Amino acid sequence: MPGAAEFGQPGYPLPPGYPLPPQPPKKRRGLLIASIVLAVAVVLCGGGGLAAFLVLRNAETGQGAPNPATAVDSFLKAVYTDKDADKAAALVCAQANDKAAVADKVDEVKKLSQTYKTPRFKWNPPKVDEQAGERAIVSVQLTMTTGDEKTAEQQLKFTVIQKTGWRVCEVG
């Protein structure tokens, strides 16, 4: 019969009524390290993606106008003469660049061609009313004349800002 010191050792069964000896915990370092690496990767990728979004969301592409009056004049030409929503949207600042709203305005101008007999649009040279640093207020009087000599006038005020050149941000 084996000695008492040998009971519970590998290959020697315990006598009935004795509890099993404590087992050393299984080591799961590989799983722990993999979890930490995965968590760090998710934080870095998520943080990097968020940072890129925040930096690039207001990025303006292309070159703006050299001065506030030219920005307004170019915007009016794109909307009323060229009737080109993409060209007009490229002249709008990133904060206000709602392509659907610009396209709606261009569509409205196109519908005037169907409603009125040969409408023509003209405007006086845009006038800078006030300018402070990177922000300017520009006014212009827009006139629509139809083929049957009807005339309509509208005074417009534009808020224009400068980032990568001057761009239209608001029309009032």
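## Exercises: a hairpin, a core and its ring pairs

In the hairpin of strand 4 and strand 5, with 3 residues between the strands, Gly165 has a positive phi near 95°. Helices (H or I, at least four residues) and strands (E, at least two) are DSSP runs numbered from the N terminus. The model is predicted: local features need pLDDT of at least 70, side-chain atom pairs count only at pLDDT 80 or more, and totals for chains, interfaces and linings use all residues. Residues count from 1 along each chain as its sequence is written, and side-chain values use heavy atoms, without hydrogens and water.

**Exercise 1.** State in which sense strand 4 and strand 5 pair.

*Solution.* Take the ranges: residues 151-162 and residues 166-171. Pairing requires at least two bridges found by DSSP. Here 5 bridges join the strands in the antiparallel sense. Phe158 stands opposite Val171 of strand 5.

**Exercise 2.** Find what Phe75 touches beyond its neighbours within four places in sequence.

*Solution.* Apply the contact cut-off (heavy atoms within 4.5 Å). The partners are Ala88, Leu91, Val92, Phe158, Val168 and Val171. Next, check burial (under 20% relative accessible area, 1.4 Å probe, protein chains only). Phe75 and Phe158 are both buried.

**Exercise 3.** Classify the ring pair of Phe75 and Phe158.

*Solution.* Rings of Phe, Tyr and Trp (its six-membered ring) pair with centres within 6.5 Å; planes under 30 degrees apart are stacked, over 60 edge-to-face, the rest tilted. The structure holds 3 such pairs. For Phe75 and Phe158, the centres lie 6.2 Å apart and the planes at 75°, an edge-to-face pair. Phe75 belongs to helix 2 and Phe158 to strand 4, so the pair ties together parts 83 residues apart in sequence.

Technical notes: Buried means under 20% relative accessible area, exposed over 50%, partly exposed in between (1.4 Å probe, protein chains only).
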